[in-house]
Amino acid sequence: MGGGDDSTFDPKQGLRILDFSNPNKVELAKTLRKACIDDGFLYLTNHGIDEKLLDDALVDIKRFFDLPMEEKMKCLHDKNHRGYTLFAEEILDLVNQKEGDTKEGYYVGWDVPEDHPMASKPLHGPNQWPSEGMDRKLGHRVASLIALALELRPDFFEKMFTTPMAAMRPLHYEAIHSKPEEGIFGSGAHSDYGLLTILLTDETGGLQICKDKFAKPQVWEDVPPIKGALIVNLGDMLERWTNGLFRSTLHRVLTKGVDRYSMAYFYDPNFDTMVECLPTCCSASNPARYAPMTSGEHLLKMYHKTDKSFDVTAKPHGFDDLPTSNSQKNEL
Ligand SMILES: O=C(O)CCC(=O)C(=O)O
Ligand SMILES: [Fe+2]
């Protein structure tokens, strides 16, 4: 995997490890750049979040999903995409899945009070629970290192995250054996939609990546959990900004007959952020491959496509020309 010419590359683990205790930002940006080009996935260590807090979060996630269904239904997700999402509600891979993802979830968004000027936008509004704001520090730190890795100013992405479409999503995968050959997946193959995702998983494993989505047959590699480390992966918007240089890698979850818990933090830019090829990533011989679009447009399209109970009142303009499958989306 990857070039293997840097000290952070561990062939046994496969993916690179970005160690935030390293004060040398240039070195970190170099490692990050390689990981973004080769894999679109990496491990983050010494990220500043206490390991005990992460363990406690996984315990609390389990406690929430263990509640009786009638309790969970009290916070069923609303039109702003905040709250509880039902088992099998999502189908992330419309080509290969026979049933919805064998998981339930809970969305916490950026809390936007009803009287905020942004509250009338789709996907904006108050959280069901908790109501306090989300911490942006880690997402911000990774984003500024990504900017450095692209030879941009470290604050390049900052203005795009003033009222971000960021979402924290605890997940519970049922104790089912995934059967890829029968179209049963914990989480179907997909790429994430935004700038980047920071992922916490328990120790059961099951996350896999496919670095070449066009290969036939596709090759899936395990991303085993490393205790205390977080997993970072890149989203579609970053792939589009970089004209495909940085990769929004296809991934999925196969469950192994035991319950699995994880929490994804989607660090996605403001609704109106324009995502278009960075001048440094295109040239006459390498023209822009993707049409410009806004962050909100992309998120709405993807939610409409993959989540069968997504509220249609959040319909974006241009919805009629939606691609109808994830594989089509991957070619956009
Ligand atoms: O649960 C996991 O390990 C992955 C979750 C994921 O890929 C997602 O929610 O986008
Ligand atoms: Fe994902």
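Me: What does "buried" mean here, and why is Y267 called buried?

Reply: Buried means under 20% relative accessible area, exposed means over 50%, and partly exposed is in between, with a 1.4 Å probe and protein chains only. Y267 is at 2% relative accessibility, so Y267 counts as buried. One thing to keep in mind: this is a predicted model, where local features need pLDDT of at least 70, side-chain atom pairs count only at pLDDT 80 or more, and totals for chains, interfaces and linings use all residues. Residues are numbered from 1 along each chain as its sequence is written, chains are lettered from A and ligands numbered from 1 in the order in which they are written, and side-chain values use heavy atoms, with hydrogens and water left out.

Me: What makes F161 and Y267 a stacked pair?

Reply: Rings of Phe, Tyr and Trp (its six-membered ring) pair if their centres lie within 6.5 Å; planes under 30 degrees apart are stacked, over 60 edge-to-face, and the rest tilted. The rings of F161 and Y267 are 4.1 Å apart, centre to centre, with 10° between the planes, and the pair is stacked. F161 lies in the loop between α4 (137-149) and β5 (167-173) and Y267 in strand β12 (residues 260-267), so the pair ties together parts that are 106 residues apart in sequence. Strands here are DSSP runs of E, at least two residues, and helices are runs of H or I, at least four, numbered from the N terminus. F161 is buried too, with a relative accessible area of 3%.

Me: How many aromatic pairs does this rule give?

Reply: The count comes to nine aromatic pairs. One of them, F64 with Y106, is edge-to-face, at 5.2 Å centre to centre and 70° between the planes. F64 lies in helix α2 (residues 51-65) and Y106 in strand β4 (residues 103-109), so this pair ties together parts 42 residues apart in sequence. Ring pairs also link F64, F65, Y84 and Y106 into a cluster.

Me: Why does M73 count as partly exposed?

Reply: M73 has 36% relative accessibility, so M73 counts as partly exposed. M73 is found in helix α3 (residues 69-73).

Me: Which residues coordinate the iron ion (ligand 2)?

Reply: Donors are N, O and S atoms within 2.8 Å of the metal (3.2 Å for Na, K and Ca); water is not among the atoms, so sites may look incomplete. H190 (NE2), D192 (OD) and H251 (NE2) coordinate the iron ion (ligand 2) at 2.1 to 2.2 Å. Their spacing in sequence is H-x1-D-x58-H. Both H190 and D192 are buried.
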